[in-house]
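Good morning, and thank you for coming. I shall now put the structure on the screen and then take you through several parts of it.

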Amino acid sequence: MNHSDSERISSSLEKQGYKPASKIDEAGLIVVNMCSIRQSAVDRVYGLAFNLKKLKPGVKTILTGCILNKDKNKFLKNFNFVLDINDFLKTENYLRIRPKYSNNFSALVPISDGCNNFCSYCVVPFTRGPLVCRDHEEILKEIENIIKKGFKEIWLLGQNVNDYVSPSDANINFAKLLKLTDDLSENIWIRFTSPHPQYFSNELIEVIARSKNITPYLNLPVQSGDDKILKKMKRPYSVSDYKRLVKKIRNKIPSIVLSTDVIVGFPGETKQEFQNTVKLFEEIKFDMAYISKYSPRSGTSAEKMQDNVSQEEKDKRREILTEILRKTALASNKKYIGKIIDVLIMKHKEGVLMGKSRDYKTVKFQGTENQIGKLVKVEIIDALSWGLKGKSSTEK
Ligand code: 5AD
Ligand code: SF4
């Protein structure tokens, strides 16, 4: 979502006559688009602000993105202006701004912004405000244009994508929007993030299962494997609801690759409660997981709970889950050895290309920079926990 915001910021600035600088020390204006989801992200901006001081005098700096009120005044010492993302782009309807896509193969399309859920640890409803959905006709128009331009993949984005309802037609929910998107093309990879388990309907599972273009990859944030902690997090499902949902999804879409988000060391999380998350990890066998150490956020309801799990213990818990993930991801990745799969090449570094398979596995193999953005066939020769290693490639 933040990358998509940056693309909209770029296009808004270019419309006002600015041109991109090739290096940071050639810029006359620097816009930093920050995220406040965890304290570590905020700390990185402090580090960056320190480096900005070393730039030539007269450079104007703007801090925007998701900024907590308590941080705004502090950052005013380091930046000329500090503005919420919605204020920064106030001149236009934020979601209507045509972005300047940062490449010509992977397009980020926000379908909604904000969230009404108020999970007790989360700052999003405060920094981005309540859920605002973009009209489905406008989304589909943008996507048609993306398809015409020959993009290879589209990401539909929202803090809680499956809470989507079109403002002009209450019948168009997220499942219907996905179906309409799927109908627009014969050959594009459609991805989305992030869904909430609570709103993951049977209709949505059916649409994904029957689609031509929706890729079999799902990030389904569980946050904890313990019912008491889920309640304290204000996540409105139980561990068995989550497991039932995963079973249903795997039944209908057997090739699904599953990742999750989880928080360790939530206030009051006992060793036993954490053990339930361990059990869930062992049972579900995720392909990937974003494991965060709990970080108290100002204004959230969890901020009032005592952050009583030590950093050391949080590190330990994160390592335990990472260790399980290493094994389950490796076992899943081994199944790809010997297969030839389609890979969309995203990056190049020192002779090695990094791309993503249709089901969002990371694939590395040797190649040249001019292949970035191409869809190629890659033979998988080895599997690691972080992804797959491939050999030779042919452009599709
Ligand atoms: N502390 C730690 N992790 C958090 N996340 C959100 N808020 C916090 C917090 N206060 C994690 C959740 C979410 C992901 C985007 O960031 O796991 O799914
Ligand atoms: Fe935050 Fe996601 Fe919960 Fe919304 S659903 S409050 S964005 S964690």
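This is a predicted model: local features need pLDDT of at least 70, side-chain atom pairs count only at pLDDT 80 or more; totals for chains, interfaces and linings use all residues.

Let us turn to ligand 1. The residues around ligand 1 are Ile-37, Arg-38, Tyr-121, Cys-122, Pro-221, Gln-223, Asp-261, Ile-263, Ser-292, Tyr-294, Ser-295 and Arg-297. Here the shell is made up of six nonpolar, three polar and three charged residues.

My next topic is a sheet. Three strands form an open sheet with parallel pairing, in the order β4-β7-β10. Why is one side of β4 and of β10 left without a neighbour in the sheet? Strands β4, residues 106-110, and β10, residues 189-193, stand at the edges and each has a single partner strand, so there is no neighbour on one side of each. On average, neighbouring strands of this sheet are turned by 20 degrees against each other, direction ignored.

We can follow the pairing strand by strand. Five bridges join β4 to β7, and in β7 the bridge partner of Ser-106 is Glu-153. Strand β7, residues 153-157, is joined to β10 by five bridges as well. There, Leu-157 has Thr-193 of β10 as its bridge partner.

Is β4 enclosed or open? A residue counts as buried if 20 or more other C-beta atoms lie within 10 Å of its own. Five of the five residues of β4 are buried, so this strand is largely enclosed by the rest of the structure. In a regular strand, the side chains alternate between the two faces of the sheet. In β4, Ser-106, Leu-108 and Pro-110 point one way, while Ala-107 and Val-109 point the other way.

I come now to some details of the backbone. Most residues other than glycine have a negative phi, and most peptide bonds are trans. Thr-193, the partner of Leu-157, is joined to Ser-194 by a cis peptide bond, with omega at about -10 degrees. Ser-194 lies in the loop between β10 and α8, residues 202-210.

Lys-234 has a positive phi of about 60 degrees, although it is not a glycine. Lys-234 sits in the loop between α9 (227-232) and α10 (239-252), and Lys-234 is partly exposed, with 15 other C-beta atoms within 10 Å. Lys-285 likewise has a positive phi of about 60 degrees without being a glycine. Its place is the loop between α11 (271-284) and β13 (288-293). Lys-285 is partly exposed, with 14 other C-beta atoms within 10 Å.

Finally, let us consider the whole chain. The chain is divided into domain 1 (2-88), domain 2 (94-334) and domain 3 (340-395). The centres of domain 1 and domain 2, taken over C-alpha atoms, are separated by 27 Å. The contact between these two domains takes 18 residues from domain 1 and 17 residues from domain 2. On the domain 1 side, α1 (2-15) and α2 (39-52) each supply at least two residues. Which element gives the most to that side? With eight residues, α1 does. The residues of that side divide into four nonpolar, nine polar and five charged.

Notes. Residues are numbered from 1 along each chain as its sequence is written. Chains are lettered from A and ligands numbered from 1 in the order in which they are written. Two strands pair if DSSP finds at least two bridges between them. Helices (H or I, at least four residues) and strands (E, at least two) are DSSP runs, numbered from the N terminus. Axes are lines fitted to C-alpha atoms, for helices over the stretch in contact, and angles run from 0 to 180 degrees between N-to-C directions. A residue is near a molecule or strand if its C-beta atom, placed from the backbone, lies within 6 Å of it. Ala, Val, Leu, Ile, Met, Phe, Trp, Tyr, Cys and Pro count as nonpolar, Asp, Glu, Lys and Arg as charged, and the others, Gly among them, as polar. A residue is buried if 20 or more other C-beta atoms lie within 10 Å of its own, exposed if 12 or fewer, and partly exposed in between; C-beta atoms are placed from the backbone. Domain bounds come from an automatic or database domain assignment. Two residues are in contact if their C-beta atoms, placed from the backbone, lie within 7 Å.
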